[in-house]
Amino acid sequence: MKAVYLGLDLGTSSVKVAAVDETGELLAWANAPYPTGTPKPGWAEQNPADWAHASMTALRDVVTRLPDDAETRALAVTGQLPTLAVLDPSGKALRPAIVWYDGRAETEAEELLAAVDLADWYRRTGVVLDAHYLAPMYAWV
């Protein structure tokens, strides 16, 4: 059997999947796009179901092009951050995901900044608190 390792990147505009062997040789790759909605200026939203569909499409495309003796050993997954997807207990999206470059939570970020010590926040989290991070996005929701 030929050991194969898959990588899946849930990017800002598409899913990219690559398959490599133990030496790092690229065996196959695929890309499946999905839309970003901009219902208002400064907003950026995506449907998490589109991510799942695109992921399956790209994975299927890669797997069908692998050698017959391929044995998948691992799947590494990475994705766009910080993007907020609010799910119910069953994993179904309750609303469109707020994509990392969405700026709608400016007011919430300002309110959070007024309530915390900025230096302490940065020391504890390592991020600058603004509208593009999860806490303000979640506060907006």
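Modeller: The expected span of a helix is 1.5 Å times one less than its number of residues. Keep that rule in hand; this is a predicted model.

Biologist: How do you know that the length of helix α1 agrees with its number of residues?

Modeller: Helix α1 runs over residues 48–64, which is 17 residues. At 1.5 Å a residue, the helix should span 24 Å. Its end C-alpha atoms are 24 Å apart, so the two values agree.

Biologist: Which residues of α1 are buried?

Modeller: They are Pro 48, Trp 51, Ala 54, Ser 55, Ala 58, Leu 59 and Val 62.

Biologist: What puts them on the same side of α1?

Modeller: Their arc around the axis is only 130°, and therefore they sit on the same side of α1. The face turned away from that buried side carries the exposed residues His 53 and Thr 64.

Biologist: What covers the buried residues of α1?

Modeller: The cover includes strands β1 (2–10), β2 (14–21), β3 (26–33), β4 (45–46), β5 and β6.

Biologist: What makes Asn 47 a cap for the N-terminal end of α1?

Modeller: A side-chain oxygen of Asn 47 lies 2.8 Å from the backbone nitrogen of Ala 49. A polar contact needs N or O atoms within 3.5 Å.

Biologist: Now a loop residue. Why is Gln 80 called buried?

Modeller: Buried means under 20% relative accessible area. Gln 80 has 9%, so it counts as buried. Gln 80 lies in the loop between β5 (70–79) and β6 (97–98).

Biologist: What lies 3.0 Å from a polar atom of the side chain of Gln 80?

Modeller: The backbone oxygen of Gly 11 does. Beyond its sequence neighbours within four places, Gln 80 is in contact with residues including Leu 10, Tyr 34, Trp 51 and Trp 100.

Biologist: On to the rings. How many aromatic pairs are there?

Modeller: The count is two aromatic pairs.

Biologist: Why is the pair of Trp 43 and Trp 140 called edge-to-face?

Modeller: Ring centres must lie within 6.5 Å, and planes over 60 degrees apart count as edge-to-face. For Trp 43 and Trp 140 the centres are 5.3 Å apart and the planes stand at 85°, so the pair is edge-to-face. This pair links distant parts of the chain, 97 residues apart. Trp 43 is in the loop between β3 and β4, and Trp 140 is in helix α4 (residues 134–140).

Biologist: Is Trp 43 buried or exposed?

Modeller: Its relative accessibility is 18%, so Trp 43 counts as buried. Trp 140 has 27%, so it counts as partly exposed.

Biologist: What makes the pair of Trp 100 and Tyr 101 edge-to-face?

Modeller: The ring centres are 5.0 Å apart and the planes are at 75°, so that pair is edge-to-face. Trp 100 is partly exposed at 34%. Tyr 101 is partly exposed, with a relative accessible area of 34%.

Biologist: Where does Arg 104 lie relative to Trp 43?

Modeller: Arg 104 lies over the face of Trp 43, at 3.7 Å from the ring centre. The charged end of Arg 104 also sits over the ring of Trp 140, 4.6 Å from its centre. The cut-off for the distance is 6 Å.

Biologist: Why does Trp 121 count as partly exposed?

Modeller: Trp 121 has 21%, so it counts as partly exposed. Trp 121 is in helix α3 (residues 118–125). Among the residues it touches are Val 116, Leu 129 and Ala 135.

Methods. Residues numbered from 1 in each chain as written. Predicted model: local features only at pLDDT ≥ 70, side-chain atom pairs only at ≥ 80, totals over all residues. Heavy atoms only, no water. Helix = DSSP H or I, 4+ residues; strand = E, 2+ residues; numbered from the N terminus. Buried < 20%, exposed > 50% of the residue type's maximum accessible area, 1.4 Å probe, protein only. Polar contact = N/O pair within 3.5 Å; in protein donor to acceptor, adjacent residues only side chain to side chain. Contact = heavy atoms within 4.5 Å. Arc of directions from axis to C-beta. Phe/Tyr/Trp six-rings, centres within 6.5 Å; stacked < 30°, edge-to-face > 60°. Lys NZ or Arg CZ within 6 Å of the ring centre and 35° of its normal.
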